[in-house]
Amino acid sequence: MNTDSPSKPIPVSRSERDPKGGFHAHYRRLWLYSVCVTAFVSLTPLVIFTWVNFYQYRKALREEVIHPISRLASISRRFMDDFLEERRAALTYVARRESYEDLCDREKLSRTLMDMKESFGGFVDLGVIDSDGNQRSYAGPYELEGLNYKEQDWFEEVCVRGIHVSDVFRGYRNLPHFVVAVRQHDIENGNFYIVRATIDAEVLNSYISSLDLKPSSDVFLINRKGVLQTASRHNGAVLDQCPMAVPPFSSRTEVLETAGEKGEPGILAYAYIEHSPFIFVVLKHPEHVMESWLLVRSNILWFLGTSIVLIVVVILWSSTALVNRIRDADHRHDNTLHAIAYTNKMASIGRMAAGVAHEINNPLAIINENAGLLKDLVSIDDKPLERDRLLRMAEKVIRSVVRCSSITHRLLGFAKRMDPAIERFALGPLLEEILSFFGKETEYRRIAVNFDVPEDLPMVESDLGQLQQVFLNILSNAFAAVAEGGQVDISVEAVDENMVTVRIHDNGVGIPEEHIDHIFEPFFSTKGEYGTGLGLSITYGIVENLEGRIAVQSTVGEGTTFTVLLPIAMRR
Amino acid sequence: MKQLKILLVDDEEDLTSTMVERLGLRDFQVEAATSGIDALKRVSEGDFDVLVLDVKMPGIGGLQVMAEIKRQHLDLPVILLTGHGSAADAERGMKEGASDYLMKPIDIDTLVEKIRNAVQS
């Protein structure tokens, strides 16, 4: 018994598959699979790594941009706080040091203004206003004595809060300036008065100019209504309305991301100046914020793109080389298997040849005897030749020649189908042809053969030559397994409109259970030196290759059934 | 010289009928049987000098017929006829008591000689 495992089929020839699709599509799919899997495995970590780096760089660069801006806003805020506090403290000091009468003395007030200008800078004028809002005294470049401020908002604020810092405005002077006023109680009469100083807004501009900012940065002051208190590089002149929205109040320095005209990110840092209407603003223009980032991004994308191209090229090259090698190996494998199948078929023919020689000997013997008889009649018997007797002899010779001819034709018909070819044929005649090789054996060994093939069995589209090999192998095993007087049953039936099944049952010795799992394995044989162990292995490979299935059931002492399921038409 | 009586056994009727004629021309009395059972029946009924027996026959083969004859202690020389494929069977038959054997296609003169040798021995 030759045998092959369902888990290890041997395809007889992959190259026998449909050349229009199956064969090439198989390697195309293999190549595509190799490319996809390799690309996924190698590119995924690269993309993830690059993506993580991308965002880490971005975060780091953002911190790098934000930090100096935030620091500048904080320092400037402290400067502004100190600047205003210094002026307020100077005014408070003057108001406390000098008596109300001295302050109302214009000459003394002028000297005080001179001292303050020299000591602090920025002061333009100095005035004293009584509790009724009347300008009691004034030192400075304008004539403001006698003016009444009682109805003005700042006067009410300083009365209530004790201090007032105004927005920058042009006023009578038509120059940007702002006012600082402090309230002072007159101890002698229990009333109060206000010391009010005007400060040139240019000191604020001077401070901003001294920051020596890069062109990408814009630093300015706005008031709570968004009016520019100092000139801005990109947002307008002093007292213009700043186009940006007033940032929300915060007692601390805040940093915001803003969007540029095209949606690109910019950085805004701001700080509300305590006890004043001023908001210190630092703007980093989006284009400059992105400058470093764009460079890094460009480098990262270049690295990623180059890596991907390089990897893809290597993957394509290696996958192509790999699949080519597999195809070559398969081709060699197919050729080897085809050679094995060929050898197996030739071996089958060789085994049959012995039987055929014996089978052909009988008609040859008849021919020989009739020729001998003719010679005898001519040379030994003196009687005249009878016409009927001669005719009988000739008929015997002709019958024997026909027998010989049918035997040789049958053998040649079996041997010539060695090349793969898909064709339509009927299974019944095929099985009958193979059975005919066992005709004499069944006769001599009194083996009963039951052959059941329905008349309406559809024709199949398959490889006739390979199926000859399949059924010859199975039937050889069946006839070898049965004892004299045994039985071999062959039945064919259509399972459905797509499949037919061929069952070959013998009541022979059966296959031991421990051998059943191995009978389709290559080189598994129970025939010892008389078997190659390839018969059923090749049979299994052929059936698989023809898109069929083969199964075996066996009981020791009862017999064996091989079931071959075949498609009526092959898909490829 | 006594005319020898021969039983020729072969399942090929075309062969036996021709051989019967040829051996008849050579002064033998020949009967033919086409199966092993028929041969055993004829042997038990008739008085044959030689049995010419084909090895491969459907049903009871030549070796079985010979074994049965030996079992019945019938002193009957047996010449086996065989094809090339069953030469081993013929050799086995020689060991089991056959007088001689011949390969098919046979030479009639050789067969005649072997028949005479078998009778004489």
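Which strands of chain B does helix 5 (residues 108–120) lie across? The legends below take up this question and others for a model that is predicted.

View 1. Helix 5 of chain B lies across strand 1 (5–9), strand 3, strand 4 and strand 5 of that chain. Relative to strand 5 of chain B, helix 5 runs at about 170°.

**View 2. The open sheet of chain B.** Five strands of chain B form an open sheet in the order 2-1-3-4-5, and their pairing is parallel. From one strand to the next, the twist averages 20°. Within the sheet, strand 3 (residues 50–54) and strand 4 (residues 78–82) of chain B run parallel and are joined by four bridges. B:Leu51 stands opposite B:Val78, a residue of strand 4 of chain B.

**View 3. Chain B as a whole.** Chain B contains five helices and five strands, and along the sequence these follow the pattern β-α-β-α-β-α-β-α-β-α. Of its 121 residues, 49% count as buried. Among the contacts in chain B with a separation of 6 or more, 58% are accounted for by residues 24 or more positions apart.

**View 4. Chain A as a whole.** The secondary structure of chain A comprises twelve helices and 16 strands. Chain A has 572 residues, of which buried residues make up 32%. Residues 24 or more positions apart account for 65% of those contacts in chain A that have a separation of 6 or more.

**View 5. Helix 12 of chain A and its surroundings.** Helix 12 of chain A spans residues 535–545, and ten of its eleven residues are buried, so the helix is largely enclosed by the rest of the structure. The buried residues are A:Gly535, A:Leu536, A:Ser537, A:Ile538, A:Thr539, A:Tyr540, A:Gly541, A:Ile542, A:Val543 and A:Asn545. Helix 12 of chain A is followed by A:Glu547, which has a positive phi, near 65°.

**View 6. Packing of helix 10 with helix 12 in chain A.** Two packed helices are described by the angle between their axes and the distance between the axes. For helix 10 (residues 464–481) and helix 12 of chain A, the angle is about 140° and the axes are 9 Å apart. The two helices are therefore oblique to each other, since an angle counts as roughly antiparallel over 145 degrees. Helix 10 of chain A passes helix 12 of chain A in a left-handed crossing. Helix 10 of chain A contributes A:Gln466, A:Gln469, A:Val470, A:Asn473 and A:Ile474 to the contact, while helix 12 of chain A contributes A:Gly535, A:Leu536, A:Thr539, A:Ile542 and A:Val543. By class, the residues of this contact comprise five nonpolar, five polar and no charged.

**View 7. The contact of chain A with chain B.** The contact takes 23 residues from chain A and 21 residues from chain B. On the side of chain A that touches chain B, helix 6 (286–379), helix 7 (387–416) and helix 9 (439–444) of chain A each supply at least two residues. Helix 6 of chain A gives the most, with 15 residues. This side of chain A has eight nonpolar, eight polar and seven charged residues.

Definitions and conventions. Residues are numbered from 1 along each chain as its sequence is written. Chains are lettered from A and ligands numbered from 1 in the order in which they are written. This is a predicted model: local features need pLDDT of at least 70, side-chain atom pairs count only at pLDDT 80 or more; totals for chains, interfaces and linings use all residues. A residue is buried if 20 or more other C-beta atoms lie within 10 Å of its own, exposed if 12 or fewer, and partly exposed in between; C-beta atoms are placed from the backbone. Two residues are in contact if their C-beta atoms, placed from the backbone, lie within 7 Å. Ala, Val, Leu, Ile, Met, Phe, Trp, Tyr, Cys and Pro count as nonpolar, Asp, Glu, Lys and Arg as charged, and the others, Gly among them, as polar. Axes are lines fitted to C-alpha atoms, for helices over the stretch in contact, and angles run from 0 to 180 degrees between N-to-C directions. Angles under 35 degrees count as roughly parallel, over 145 as roughly antiparallel, 65 to 115 as roughly perpendicular and the rest as oblique. A crossing is left-handed if the near helix is turned anticlockwise from the far one by less than a right angle, and right-handed if clockwise. Two strands pair if DSSP finds at least two bridges between them.
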